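These are my notebook entries on a structure I had not examined before. I set down what I looked up, entry by entry.

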Amino acid sequence: MQAKRWELNLYSFYDHTGMERHLEKMAAKGWLLESIGTTLWRYRRIEPQKLRFSVAYYPDATESDPITPSEGELTFWDYCAQAGWVRAANRAQLHIFYNTDENAVPIETEAVTQVETLHRAAKKNYLLSLWLLLGMALFYTGFGILGNSFQALADILALRGTFMMCLAVPTMFLVSLSELIGYYRWRRRAVRNAHELGRFTPTRSLPGVQLLTWLLLALITLSALTDSWAVRRTFLVYFAAFFVVRLTHNILRRMNASATVNRTVTIIVDILVCLVLFVVFLPRLAQEPPPPNAEPYEHTYLSMGGKKTVTEYAYHDPLPLYVEDLTETDYDRYSCKREDSSTPLVTRQIFSQETRWGDWDSDAPELRCTIYDIRLAPLFAPCLQGKLNEYADRKWSMLDYREADAAPWGADRAWQLWDTEDSTPCDSWLLVYGRRIVIIDLGGIEMDGARMALVGERLGGYAEK
Amino acid sequence: MAREKFQTLTEQMFYVLLCLREECCGMDLMTRIGEVTGGRVSVGPGTLYNLLDQFAAEGCIVETKCEGRRRSYRLTLRGEELLRGEMDRLTAQMNDYQRLLGGGETPCKLSDGN
């Protein structure tokens, strides 16, 4: 028979009513809480029985306290034991007791003191972390708006990493805001009830919001672990860094180091780990190994210090459209590269047919193309607008999209990129086919009606493979 | 701090202070309050622990003895003033009741003799 059981804690820190009710139900089913972890609660098997639970708050405790309970905590437990309350488990400010006597004097008998004690306890970790989370969500949102992320909306939504960030930021908002609103609303009612009526105010939490957070975290982890090797490695390095910091914190707690020593050492380790991570590991991780289909070749060039030779890579990926489909060329050393990325909202294909490094004199025509398929209709307009505004900042850009005739391309709408300084058209077009955006750059290829039609035929209806 | 730094006392605050007119161990206070009030008022261990902590911080009580984890406390002058102030408030309430509903007599005197 199973002797232990773990459960994800979905209760808010202040929701003592919810926790007490749940623990009483668990005891009636034969499970008694024995440990509170960061995220999981551990139960042990007992005879099913009617137990009364009480969640008490001990504001003087912190997450960094030594594992051996303080004199104050022991005294608090002695007081509770005198009234028949047995400690089931505790973590930082949260202390959970049970009693076999249904008529035992409750741990908290006065509402005014209970509300104030809970508030002092909540200020230590719970509220602080929620305000920080809200601050981070605001920072990322502000960063996104100020950083003109809307221009790159289609790209952000097409890449798993940035797409996950798009999910994480609203979730951070939702969780922190709903928890803060829930707590302060409860506190306002509880203070009024306690002072005016001498009554306790029951609490309640939003388990759905907590569950959403855990689901998102699981999704981000799963997404990172099934992404490219570079993403997987970066994620694992971050995870290892987090693990090192937590391990330091826990070892110091077990060594009974004071909370101040624990916090100081943990912060120092945190800084060191960040330095190692950002200075040593991440720059190395950024150098992705060449994919198996890459053909290495040496490229020599002249620099200040003389001749330098570097290894570059040529690719031979199948492309939906080749330069040779549109024009004749003698050049036969093309690198054909294609990169696909996809999320539930946007699929992006980037492909190019380019000359190799060093073959500058060949003057061979080249082709670069990005195709976005926007799966969610309401996102299409902002994604398109973002792309059209890509060159809108006159401080940096002399280019601009101007609407062109879409008919030769077989497209719904078409724009051509223009150099605004000397008012000349460039060889770049933005084409729209339904909810597909095609941005194509045809350097050195003279386009006529037949070629435009061919591009439309190949890319406008090009099915995702 | 509870009740705007003890401007008024709840019943449980009142009895905690009252029972500390004589030195008493914190843990024994729960029993003593029950005896003094004939079981009418019970103070839970969490409430008692936090009240003792707050009263000590405000200088209303003082720790007199520490035997292991058994700490004893006694009321200070500030605590006595607080208790007297609360008694006056309750007396004034009682007198108002007596004057308006109980036959016009003033049955109790306040601590300053009025």
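**Entry 1: Domains of chain A**

I looked up the separation of two domains and found 42 Å between the centres of domain 2 of chain A and domain 4 of chain A, taken over C-alpha atoms. I note at the outset that the model is predicted. For this pair of domains, the contact takes 11 residues from domain 2 of chain A and 16 residues from domain 4 of chain A. On the domain 2 side, I find that helix 5 (153–158) and helix 6 (160–197) of chain A each supply at least two residues. Helix 5 of chain A gives the most to that side, with five residues. Sorted by class, the side of domain 2 of chain A that touches domain 4 of chain A has eight nonpolar, one polar and two charged residues.

I then recorded the domain assignment of chain A as a whole. It gives domain 1 (4–108), domain 2 (110–227), domain 3 (234–287) and domain 4 (314–460).

**Entry 2: A three-stranded sheet**

I turned to an open sheet of three strands in chain A, with the order 4-6-5 and antiparallel pairing. Which strands stand at the edges? They are strand 4 (52–57) and strand 5 (86–91) of chain A; each has a single partner strand, so one side of each is left without a neighbour in the sheet. Neighbouring strands of this sheet are turned by 20° against each other on average, direction ignored.

I checked one pairing in detail. Strand 5 of chain A and strand 6 (residues 94–99) of chain A pair in the antiparallel sense over five bridges. Here N90(A) has H95(A), in strand 6 of chain A, as its bridge partner. I also find helix 1 (residues 16–28) of chain A packed on the sheet, where it touches strand 4 and strand 6 of chain A. The direction of helix 1 makes about 150° with that of strand 4 of chain A.

I followed strand 13 (413–419) and strand 14 (424–433) of chain A, which pair in the antiparallel sense over six bridges. R413(A) has V432(A) of strand 14 as its bridge partner. V432(A) is also the bridge partner of I437(A), a residue in strand 15 of chain A. Strand 14 of chain A and strand 15 (residues 436–441) of chain A likewise pair in the antiparallel sense, over six bridges.

I compared the turns of these hairpins. The hairpin of strand 13 and strand 14 of chain A has four residues between the strands, and S423(A) takes a positive phi near 50° there. The hairpin of strand 14 and strand 15 of chain A has two residues between the strands, and G434(A) takes a positive phi near 60° there.

I recalled a general point before going on: most residues other than glycine have a negative phi. S423(A) has a positive phi of about 50° although it is not a glycine. Is S423(A) buried or exposed? S423(A) is exposed, because 9 other C-beta atoms lie within 10 Å, and exposed residues have 12 or fewer.

N256(A) also has a positive phi, near 60°, and is a residue other than glycine. I located N256(A) in the loop between helix 8 (229–254) and helix 9 (259–286) of chain A. N256(A) counts as exposed, with 12 C-beta neighbours inside 10 Å.

**Entry 3: Nonpolar cores**

How many residues does the largest nonpolar core have? I find 68, and those with the most contacts inside the core include C80(A), I96(A) and F97(A) from chain A, and V16(B), L17(B), L20(B) and L48(B) from chain B. Helix 3 (residues 111–124) of chain A gives the most to this core, with six residues. The core draws at least three residues from each of domain 1 (4–108) and domain 2 (110–227) of chain A.

I looked up the contacts of L20(B). Leaving aside neighbours within four places in sequence, L20(B) is in contact with I61(B), Y73(B), R74(B) and L75(B). A second, separate core of 36 residues includes A158(A), F351(A), F380(A) and L417(A).

**Entry 4: Contact between the chains**

My last entry concerns chain B against chain A. The contact takes 19 residues from chain B and 22 residues from chain A. On the chain B side, helix 3 (26–36) and helix 4 (45–57) of chain B each supply at least two residues. Helix 4 of chain B gives the most, with seven residues. By class, I find nine nonpolar, eight polar and two charged residues on the side of chain B that touches chain A.

Technical notes:
Residues are numbered from 1 along each chain as its sequence is written. Chains are lettered from A and ligands numbered from 1 in the order in which they are written. This is a predicted model: local features need pLDDT of at least 70, side-chain atom pairs count only at pLDDT 80 or more; totals for chains, interfaces and linings use all residues. Two residues are in contact if their C-beta atoms, placed from the backbone, lie within 7 Å. Ala, Val, Leu, Ile, Met, Phe, Trp, Tyr, Cys and Pro count as nonpolar, Asp, Glu, Lys and Arg as charged, and the others, Gly among them, as polar. A residue is buried if 20 or more other C-beta atoms lie within 10 Å of its own, exposed if 12 or fewer, and partly exposed in between; C-beta atoms are placed from the backbone. Domain bounds come from an automatic or database domain assignment. Two strands pair if DSSP finds at least two bridges between them. Axes are lines fitted to C-alpha atoms, for helices over the stretch in contact, and angles run from 0 to 180 degrees between N-to-C directions. A nonpolar core is a set of buried Ala, Val, Leu, Ile, Met, Phe, Trp, Tyr and Cys residues joined through C-beta atoms within 7 Å.
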